[in-house]
Each structure stands twice: as structure tokens, then as C-alpha cells.
Amino acid sequence: MSYDREKVAAVVQPPKGIKLPGFDVVGSRKIFYAISGGLLALALIVSIVFGVKIDIKFTGGTIATYSYTGEIDEAEFEKTVEDVTGHDVTVSGSKDLMTGNNTFTVNFTEAVALDVEEQTAMNDAIDEAFPDNKIETVNVNSVSPTMGTDFLLKCLVAVSFASVVMVIYVGLRFRKIGGVKAGVCALLALFHDLCMVYATFVFFRMPLDDNFMSIMLVILGYSVNDTIVIYDRVRENEALYRNAKLTPSELVNLSINQSLSRCLHTSATTIFSMIVVLVMALINGVDSIVTFTLPLIIGLISGTYSTICIACPTWVAWLESGAKKSKKRG
């Protein structure tokens, strides 16, 4: 349904010199659906073709990082670890830009958790094999498969619980304008945002870890905030122009346009701050911050987009579909 600006203008009567906003979001929903569907399909294809990396915090296993000076043959370092542990490993080298030291990261290909004695034996063997390279243990993460699975399930339960509470809250707060439907559409937008965060991890080949779960919880709160702002405006306009006989499409389009500036400015401020953090992390080689801020930025962008272009238009489509069915029955 198109956005009848003349009809709305006759009702709203904006102050002289101010133009009524005319961005027809609801009428363009099929375009937005196609964009989102294409990105989600691409993420699915990449996941199937290249696989999904999962951090040892969820699968269980061991990752050890060592710093060293001078030159060390990577293959020799790998063989030393395999000989002392009896497990296959992969070794990747990098440079710590903060300290200037070279580092080796040892990944055990099997989901094996080394105990304290095995870690000590591994460190002693490395020191003995490379005595002139001043090798130091940066960190060793060792998680049993059972603990990893348990941690993943707890994270998923937390996300699910937060989603259910959000739907209930929106349903109660906006019950006079179809709150349950509004809550379900908000949940659909949140699912869209979480998929975009997941797609970011997949595209950039970053392992799903506790950062992934933290970002999902952040996006849950951030995205629903924008959605509630627009729903509030819809509720206000519905009461204000009750006798104007605006269609759901016109009412929601008006409310989106009135809230658009606030949503975009708020999001732009937050996203810009995260971009600054991301750039500094890239310059200084702080990978843990990079793998947090990059998906978060994408999630924030997606949260603003889904609120405006997915949640509200879908809500209108649902309301109009219900009205058509009632009309046919009548």
C-alpha cells in the first residue's frame, strides 16, 4: 500500500515551511526483504562451503600462545609440541604490535584438555628445545568438551530467555495497538540482527566464542530500544489521529519518519565510537577487541535497519492481512 502523503498532510497539518516526511518504508518492504534474504542466504552458503569456526570455549580443547625472540622454525616448534603431548597440533606465527615480540599460537586439532602436569611438561620441552629464544608463556586456555558444551547451552538459554521477556514486555506495553503482534515482529527483527552478527563471524572467519554471545545480548537490548521508540510514536499518533481514518501503512510510515532522525543520530554516534575503538585495535594488533567491535558495529547497523525496515513493515503487513481476512469473513 502506497503512502498517501496528501491524505496524511491534510490530517497532520505540519507547521508552515516544514515538509511532511515522505519516505515510504512500508511500501518498500519487499526490497528490504530481498536485501536481508540475500545476505542471509550468502551467510548460509559460506557456512556450508567453508564451515564455521567454533572456539574451544564451546567445543573444548587447548590453545596455547608463546612469545619468543630471534628466529624459530615453525615446523620444528610444531614437532616439539607434538612429540611431548602426543597430539596433532597446528602452529601459527604472528607479531605482537604492542610489545614487538614474535608469537606462536598452538592449536590442538583434537578436543583435548591438557591438565596442569601436561601443560608444565609441554612448556619445559619447549624451553629445552629453544633455550636461546627466551620463550615465555603468554596464555594457555584449556577447556574440557563437557564444560564447553555446557557453557554454550547456558549462553543459548540466556539469549532465548531475554528474547521471550522482550516479547512479553512489548506485548504488554503496546497491547492497545496489537501488542503481541508488535512483540513478535520485534523478535523477528532481533533474529535478523543476530543472523547478521553470525554472518560477520562467518565472513571474516572468526571463531564463535564468548564475544559472539556477548554481542548478541548487547544487540538484543540495543535493537529493541529503537523498536520501542517507533512503537511509542505509533501509539501516540494512533490516539492523536484516531478520527482521521489513517490506514496502518500510513500511520506507521508517519511514525517512522517522525522518529527517523532520532534513531539515525543515536545509532551513528554509537557506531562512530565503536569504529574508533576498532581502528585503534587494528593499529595495535589487539585481536580480542577486533573480534568484538567489528561484529558489534555490524549488529548496531543491522539493529537500526531491522527496526525501521523489517519490524514495522512486517507488523503492518500482519495487521493488513488480518483486516483482509476479517473483511472476507464479514
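**Exposed sites and a helix crossing in a predicted model**

Lysine 134 is exposed, with a relative accessible area of 65% (buried means under 20%, exposed over 50%, partly exposed in between; 1.4 Å probe, protein chains only). The model is predicted: local features need pLDDT of at least 70, side-chain atom pairs count only at pLDDT 80 or more, and totals for chains, interfaces and linings use all residues. Residues are numbered from 1 along each chain as its sequence is written, and side-chain values use heavy atoms, without hydrogens and water.

Lysine 134 sits in the loop between α5 (116-129) and β4 (136-143). Helices (H or I, at least four residues) and strands (E, at least two) are DSSP runs, numbered from the N terminus. Lysine 134 is not a glycine, yet its phi is positive, about 50 degrees.

Arginine 205 also has a positive phi, near 55 degrees. This residue lies in the loop between α7 and α8. Arginine 205 is partly exposed, at a relative accessible area of 28%.

The axes of helix α7 (residues 179-203) and helix α8 (residues 210-240) come within 9 Å and cross at roughly 145 degrees. Axes are lines fitted to C-alpha atoms, for helices over the stretch in contact, and angles run from 0 to 180 degrees between N-to-C directions. Residues in the contact (heavy atoms within 4.5 Å) include Leu190, Leu194 and Phe201 of α7 and Phe212, Ile219 and Tyr231 of α8.

Isoleucine 283 belongs to helix α9 (residues 248-284). Isoleucine 283 is exposed, with a relative accessible area of 52%.
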